[in-house]
Amino acid sequence: MLISMQQVSKTYAMGETTVYALDHIDLAVDKGEFVGVWGPSGSGKTTLLNLIGAIDNPTSGAVTVNDCNLDDCTDNRASELRNRFIGFVFQHYNLVPVLSAVENVMLPLQICGVSTAEARRRAMDRLEIVGLAAQARRRPDRMSGGQQQRVAVARALIADPPLVIADEPTANLDSETALHLISLMRKINKEQGTTFVFSTHDQRLLAQVQRRIRLQDGRIQPDMEVA
Amino acid sequence: MMQWIKIGFRNLVKNRRRSLATLIAIAIGFCAVGLFRGYTAATFDGLRRSAIRGEGLGHLTIYRQGWLENGRSDTKKFLLSPSEIEKILKIAKSDPHVQLATPQLHVAGLVSNGRTSHIFLAKGVVPADFRTITGGLSARRGLKGTDLSSNTPYGVLLARDLAGQLNLPPKSDGVIMATTLDGQMNALDIQVRGTYDTGTAATNDKYILLPYRFAQMLYDTKRADCIVLLLDDWQATTAIRHLLAGQLAAAGLHCEIRSWDQLSVFYQKVKNMFDMIFLFIFLIVLVIVVMSTINTMGMSVMERTREIGTLRALGLKRRGVCLLFAIEGAILGLLGCLGGVILNGAFWAAIKIAAPSYIPPGVSTPVPLTVELLPRHMLTLALFLTLFSMAAAIWPARRAARLSMVEALGHV
């Protein structure tokens, strides 16, 4: 099992009221799964992904990723976990504006000290996979939203992580580009066995996923397996 | 590391107007400190040469133990005897760094033109040795008439204003009077061989230079109050001083040795004053550099909060975020200092070409405004300002690194 969440809650204080972003969630995701998390705005999708991605800490409950209990992790250990085992794709792409596409893709490897030459070689491979090798030297401001998101996918894959988390990766893309991106992620999932957990509002995209997790008011509604 | 340097540099270029303002502030600050340090170095150098050569202090002066404290109240007791003088000269001259060792006797009394008299302070020197000590600076003494000579044992030099007040021009005759070591009044005829400029208004109406033997005649003694040493290199002063102290003690001579900078009160005062002004200027520049960098980096951190969140999500540790901004601060500091070096060089060249002069307080003649170019000092200053610039960048970066990633990623 790659991800395990047991009785996980995340609360926020709003004045004197405690608001449950996630309310006693149990979740298990196996290696190689392609999981779509959906639900209305404010249902807790981003919070769920942040907890799985060791970006945030739960108020209660236990989150285990790749056999690592995130409760026991120091900040440095969590950083290493994110760097080596988790790839991230964000809604707003979150590329570093002063770096070219290839330099952005190289970042995770350079953070863990891989040499520039090796990082560049592997980054070019990933850009080839996402079909952007020709745009490797372009900076984000010279690329379309779809291209930027593909660069972000390449960046998420550079360290060959077993898990990629994508928070609304298609929210800023048109339908065609969104479907293309999901197809790309699905292809990588099938070919490389990378586990994908992503959130979306888009029902058309959910038709592409293997497993859907519906969140409402911070609780998981019954799973739907897709053939 | 190159990746972080690249990010830092490109971000500075991206915000070029803001970066430029900070670079200019650092460059001007660097230039101000560099120029002032260059000016003080030139001034100290001039004062050092003036003290060693101009004042005739030499590099080291040897006294009998206790002379400096009690010599004026019990002169006879603390003067060096002829045998001590001989021993000291022999020991001193055996050191290859010692170019010259010469006895001197300082006397005080009244000088008269027959109608009016005036107090004087006189230095009795061996004329040839004194010429060697003063060296090239003797020309700067504004000598009118002829210099001291052993061939004219009663021929003296009067300071310019003293000669003027007593109306004793070169080749005129006068009388000097003093009490001998045994308490007898003694008067000797003098011939004014020349007049000279002491360089300071406070001493120009008191000083007399006379031959060593003549000073001994006035005090009716064969003794000297000190032996002045001229070295081949002023930087060897401290080492030779320690060496000689050991050798003199081993020879049974109870002496104390003073270096030129200890004896030149004027040098010490000016140096202390300039050191204080330098510290003041340096602190102002430091505050400007630190505040400019904090402002620039603070804005950069604020604008790049989401980028910081992203980098943290990609696995960059908190110290990595600090390092990223520290590098950016260091680049800012380094480029600012580079600009400062260029600015400093330009001003240095302009001063060299224009060669302006000024009259400092207490000095009677104009002196050229000189500024030295000090590469080693500039390197140290650049290192210092870069480090401070780096530290100033870490401060806002630490705050950013401690932000929750969820907040940072959601920052707009």
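Q: At roughly what angle do the axes of helix H13 and helix H14 of chain B cross, and within what distance do they come?
A: The axes of H13(B) (residues 318-354) and H14(B) (residues 375-402) cross at roughly 150 degrees and come within 7 Å. Axes are lines fitted to C-alpha atoms, for helices over the stretch in contact, and angles run from 0 to 180 degrees between N-to-C directions. The model is predicted: local features need pLDDT of at least 70, side-chain atom pairs count only at pLDDT 80 or more, and totals for chains, interfaces and linings use all residues. Residues are numbered from 1 along each chain as its sequence is written, while chains are lettered from A and ligands numbered from 1 in the order in which they are written.

Q: What is the orientation of H13(B) and H14(B) to each other called, and why?
A: Angles under 35 degrees count as roughly parallel, over 145 as roughly antiparallel, 65 to 115 as roughly perpendicular and the rest as oblique. The crossing is at roughly 150 degrees. H13(B) and H14(B) are therefore roughly antiparallel.

Q: Which hand does the crossing of H13(B) and H14(B) have?
A: H13(B) passes H14(B) in a right-handed crossing. The rule is this: left-handed if the near helix is turned anticlockwise from the far one by less than a right angle, right-handed if clockwise. The contact residues divide into 19 nonpolar, 5 polar and 4 charged. Ala, Val, Leu, Ile, Met, Phe, Trp, Tyr, Cys and Pro count as nonpolar, Asp, Glu, Lys and Arg as charged, and the others, Gly among them, as polar.

Q: What is the orientation of H3(A) to H5(A) called, and why?
A: The axes of H3(A) and H5(A) (residues 145-157) cross at roughly 30 degrees and come within 7 Å. That angle makes H3(A) roughly parallel to H5(A). This crossing is right-handed. H3(A) contributes Ala101(A), Asn104(A), Val105(A), Leu107(A) and Pro108(A), and H5(A) contributes Val151(A), Ala154(A) and Arg155(A). By class, they are 6 nonpolar, 1 polar and 1 charged.

Q: What makes two residues count as in contact?
A: Their C-beta atoms, placed from the backbone, must lie within 7 Å. By this rule 20 residues of chain A are in contact with 18 residues of chain B. On the side of chain A, H2 (75-85) and H3 (101-111) are the elements that give two or more residues. H2(A) gives the most, with 6 residues. That side has 9 nonpolar, 7 polar and 4 charged residues.

Q: What makes a stretch count as a helix or a strand?
A: Both are DSSP runs, numbered from the N terminus: helices are H or I with at least four residues, strands are E with at least two.

Q: Why is H12(B) called largely enclosed by the rest of the structure?
A: A residue is buried if 20 or more other C-beta atoms lie within 10 Å of its own, exposed if 12 or fewer, and partly exposed in between. In H12(B) (residues 305-313), 7 of the 9 residues are buried, so the helix is largely enclosed. They are Glu307(B), Ile308(B), Gly309(B), Thr310(B), Leu311(B), Arg312(B) and Ala313(B). They pack against H2 and strand E6 (86-89) of chain A, and against H13, H14 and H15 (405-409) of chain B. Gly315(B) follows H12(B) and has a positive phi, near 115 degrees.

Q: Is Ile227(B) buried or exposed, and how do you know that?
A: Ile227(B) has 22 other C-beta atoms within 10 Å, so it is buried. This residue is in strand E9 (residues 226-231) of chain B. Beyond its neighbours within four places in sequence, its contacts include Ile62(B), Ile85(B), Leu89(B) and Pro103(B).

Q: Does Ala54(A) count as buried or exposed, and why?
A: Ala54(A) has 25 C-beta neighbours inside 10 Å, so it counts as buried. It lies in the loop between H1 (45-52) and strand E4 (60-65) of chain A.

Q: Is Ala355(B) buried or exposed, and why?
A: Ala355(B) has 9 other C-beta atoms within 10 Å, so it is exposed. Its loop runs between H13 and strand E11 (357-358) of chain B.
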